[in-house]
Amino acid sequence: MSKLSLIIPVYKGEKEIELTLALLAKNFPNEEIIVVNDCSPDKTKEKIFSLLAIYPQICYLENDKNSGKGFSLKKGVLKAKGEFIIFTDHDLPYGIEGINKVYQELLKGAKIVIGKRKEFYNVSTTRKIFRPFLYFFIKIFFGLDYEDTQCGLKGFEAETGKKIFSLATVNRFGIDIEILYLAKLMKIPVEEVIVEQKRGFSATTFHFKDFIKIFLDLLKIRFHHYEIQG
């Protein structure tokens, strides 16, 4: 059994996914790599399939329809067989170094490890304007005092990760907040590690409507009744 399972959710990733999977396979040759295609309309699937025969540790999953990052992550985490689980974005914005930082903390005994960006690069004006409001609501609604809930690099001891994701209800970008809120409800400590975001990384385009969706997710999370086992 692999010690580590790497989960890569991907949507419209035809430009980056081949290089990402090749880098992961070469740097983690004995570990499981699960890529979850969120019904990409481009050539993402073909790009991934071109690597399956070369790197047998890659496991391919595909959603029946476009369902969101949260849905893809849940599918990947529940499928994972490793002792530890780490997910990151399909273009590796925090590099192999970021993954290794999270992994080392897990090996030391941490149950949950999240990345915290040292600096933010290529951030849109929309994100700059709405980020303070988002984090204000996160603190008020959930009592979460993290500076970077949305960093797309997080790791889990496998049993912990599966418990959290089995309870998760959010299918899209609010999943990062739901993970941390569930950890709080379950009284699981969360470790933060500072990671470097690549300067050439092109951030996902966010519009006003995307923030509205995140706020709707926050309401859904806040008022959902989670069946937390003791």
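Modeller: What follows goes through the aromatic contacts and then the surface beside them. The model is predicted. A search of the whole structure finds 11 aromatic pairs. In one of them, F49 and Y60, the ring centres are 5.0 Å apart and the planes stand at 80°, so this pair is edge-to-face. F49 belongs to helix α2 and Y60 to strand β3 (residues 58-62), so the contact ties together parts that are 11 residues apart in sequence. The two residues can be set side by side for cover: F49 is partly exposed, at 44% relative accessible area, while Y60 counts as buried, at 17%. F87 and F165 also make an edge-to-face pair, with 6.5 Å from centre to centre and 85° between the planes. This pair links distant parts of the chain, since F87 sits in strand β4 (residues 84-87) and F165 in helix α6 (residues 158-167), 78 residues apart. Both F87 and F165 are buried.

Beyond these pairs there is an aromatic cluster, made of F136, F137, F141, F142, Y181, F215 and Y226. Its member F137 lies in helix α5, which covers residues 125-142. F137 has 30% relative accessibility and therefore counts as partly exposed.

Conventions
Residues are numbered from 1 along each chain as its sequence is written. This is a predicted model: local features need pLDDT of at least 70, side-chain atom pairs count only at pLDDT 80 or more; totals for chains, interfaces and linings use all residues. Side-chain values use heavy atoms; hydrogens and water are left out. Helices (H or I, at least four residues) and strands (E, at least two) are DSSP runs, numbered from the N terminus. Buried means under 20% relative accessible area, exposed over 50%, partly exposed in between (1.4 Å probe, protein chains only). Rings of Phe, Tyr and Trp (its six-membered ring) pair if their centres lie within 6.5 Å; planes under 30 degrees apart count as stacked, over 60 as edge-to-face and the rest as tilted.
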